[in-house]
Amino acid sequence: MRQAWQHFLQYKPLLKELVSRDLKVKYRRSFLGYVWSLLNPLLMMCVMTLVFSYMFRFDIPNYPLYLITGQTLWSFFNESTNMSMYSVLQNGALIKKVYIPKFIFPISRVLSSFVTMSFSLAAILIVMVFTKAPFYWTILLFPIPLFFLLLFAMGIGMILSALSVYFRDITHLYGVVTLAWMYLTPIFYPANALPERVLPIIHANPMYSYITFFRNIVLYGAVPEPVMWLRCALMSLAALAVGLVVFRKMQRNFILYI
């Protein structure tokens, strides 16, 4: 962990350049550019609100805000881990030419997605204004669950990027995993709408904890209980530590497979 941190600081300029490159590539030849980071969550929220609040009749106060808070965090996690999964393979030519700490590549993809999500937070503020939601002081705590989620995404991203070098089927299987994971996360439905026998599975879901933490401070003006803080912190640090260990062990033979 200490060595990884030293490499992180040493190659910080390269990391910034990789993040900048990812953002430029993502919005290249796009007329609206970064505005899509704001429009996309708003448009998705409108469509999903129409479907789930009117067709399925979920009785949730301020459903648009409930939906966009969960949707924003999930979209970041889904995009960042999917981008990380291909990061080592796509930079194979560079890895063969010069020495670079290879974990820089999945980390840069997660950070570029995090920057995109930062723009999307403005969409949440817009929804709060239009729905006349109260602005609680607890909203100032919003960086905390986002930081926990960032660390978690980095850990998962490193694991996926390492596995995909050896097992290319991971890139196909992960789409199925994220689909099931999304439906097991209360993004567009309330957790209490599920049978009690399913709730332990939902509560064990890390994304449930991060989204619930975020919703508590934004929607309800409630400071999460210490157990929630501890759970989020432990899951994030565990994912990051496992990600670093797995990546370091598997990176030794990357050059033979990329």
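Predicted model: local features only at pLDDT ≥ 70, side-chain atom pairs only at ≥ 80, totals over all residues.
Helix α4, spanning residues 63–85, packs against helix α7, spanning residues 104–130, at an angle of about 165°, and the two axes lie 8 Å apart. Because angles over 145 degrees count as roughly antiparallel, this angle makes α4 roughly antiparallel to α7. The crossing of α4 and α7 is right-handed, and the contact between these helices comprises, by class, 14 nonpolar, eight polar and two charged residues.

The largest nonpolar core contains 72 residues, of which Leu-65, Phe-77, Ile-124, Met-154, Met-207, Tyr-210 and Val-218 touch the most other members. Two or more residues are given to this core by each of α2 (12–26), α4, α7, α8 (143–166), α9 (170–183), α11 (206–218) and α12 (226–250), with α8 supplying the largest share, 13 residues.

Phe-77, one of the core residues that touch the most other members, is in contact with Leu-149, Phe-152, Ala-153, Ile-156, Tyr-174, Trp-181 and Met-207 when its neighbours within four places in sequence are left aside.

Thr-178, located in helix α9, has a relative accessibility of 8% and therefore counts as buried, the cut-off for that class being under 20%. When residues up to four places away in sequence are not counted, Thr-178 touches Trp-74 and Asn-78.

Note on methods: Residues numbered from 1 in each chain as written. Heavy atoms only, no water. Axes fitted to C-alpha atoms, helices over the stretch in contact; angles between N-to-C directions. Helix = DSSP H or I, 4+ residues; strand = E, 2+ residues; numbered from the N terminus. Parallel < 35°, antiparallel > 145°, perpendicular 65-115°, else oblique. Left-handed = near helix turned anticlockwise from the far one by under 90°. Nonpolar A, V, L, I, M, F, W, Y, C, P; charged D, E, K, R; others polar. Core = buried A, V, L, I, M, F, W, Y, C linked by side-chain atoms within 4.5 Å. Buried < 20%, exposed > 50% of the residue type's maximum accessible area, 1.4 Å probe, protein only. Contact = heavy atoms within 4.5 Å.
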